[in-house]
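Take a look at the model below. We will go from its overall dimensions to its fold, and then to one part of its surface.

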Amino acid sequence: MNATLLMVQILNGLQFGVLLFLIAAGLTLVFGVMNFINLAHGVQYMVGAYLAVTFYALTANFLLTTVLALVAALAFGLLLELAVFRRLYDRDHLDQVIATFGIIPLSSITA
């Protein structure tokens, strides 16, 4: 192993470590401030991205796609808020984890 490869690997490891720290610090801050654990946030991002790709395939207009995807993702988020999240705010964190973890299979319905 030469010195250049070693330096590249050290910098890659440092970069990945900083990335993991930022993600962990951000999630800790969000969970600490909101006092709500949402493990389905990835599903919400993925549904928004899927809607954006679908709308772009239908319209071929980036600006219209952006507006439609934002509105549709907002509607999906509000639906989750009204149907699931609102009932969980006063419950235990384990109930929040289980309920939001149960939302994750929704991503396979949209695909």
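What radius of gyration does the protein have, and what would a compact globule of 111 residues have? This is a predicted model. The protein has a radius of gyration of 19 Å. A compact globule of 111 residues would come in near 13 Å.

Next, the fold. The secondary structure consists of five helices and zero strands. Along the sequence, that reads as α-α-α-α-α. Contacts tell us how the chain meets itself. Take those with a separation of 6 or more: residues 24 or more positions apart account for 55% of them.

Now the burial. Of the 111 residues, 18% count as buried. The protein exposes about 8100 Å². Carbon and sulfur atoms supply 75% of that area.

Where do nonpolar side chains gather on the surface? One patch is formed by M1, L5, L6, M7, I10, L11, L14, V18, F21 and L22. Together these residues have about 1100 Å² of accessible area.

V18 lies in helix 1, which covers residues 3-34. Is V18 buried, partly exposed or exposed? V18 counts as partly exposed, because its relative accessibility is 43%. The partly exposed class sits between the cut-offs of 20% for buried and 50% for exposed. Patch members need over 30% relative accessible area, and V18 has 43%.

Key
Residues numbered from 1 in each chain as written. Predicted model: local features only at pLDDT ≥ 70, side-chain atom pairs only at ≥ 80, totals over all residues. Heavy atoms only, no water. Patch = residues over 30% accessible without salt bridge, like charges linked within 9 Å, V, L, I, M, F, W, Y side chains within 5 Å. Areas by Shrake-Rupley, 256 points an atom, 1.4 Å probe, with all protein chains shown as cover. Salt bridge = Lys/Arg side-chain N within 4 Å of Asp/Glu carboxyl O. Helix = DSSP H or I, 4+ residues; strand = E, 2+ residues; numbered from the N terminus. Buried < 20%, exposed > 50% of the residue type's maximum accessible area, 1.4 Å probe, protein only. Rg over C-alpha atoms; globule rule 2.2 N^0.38 Å. Contact = heavy atoms within 4.5 Å.
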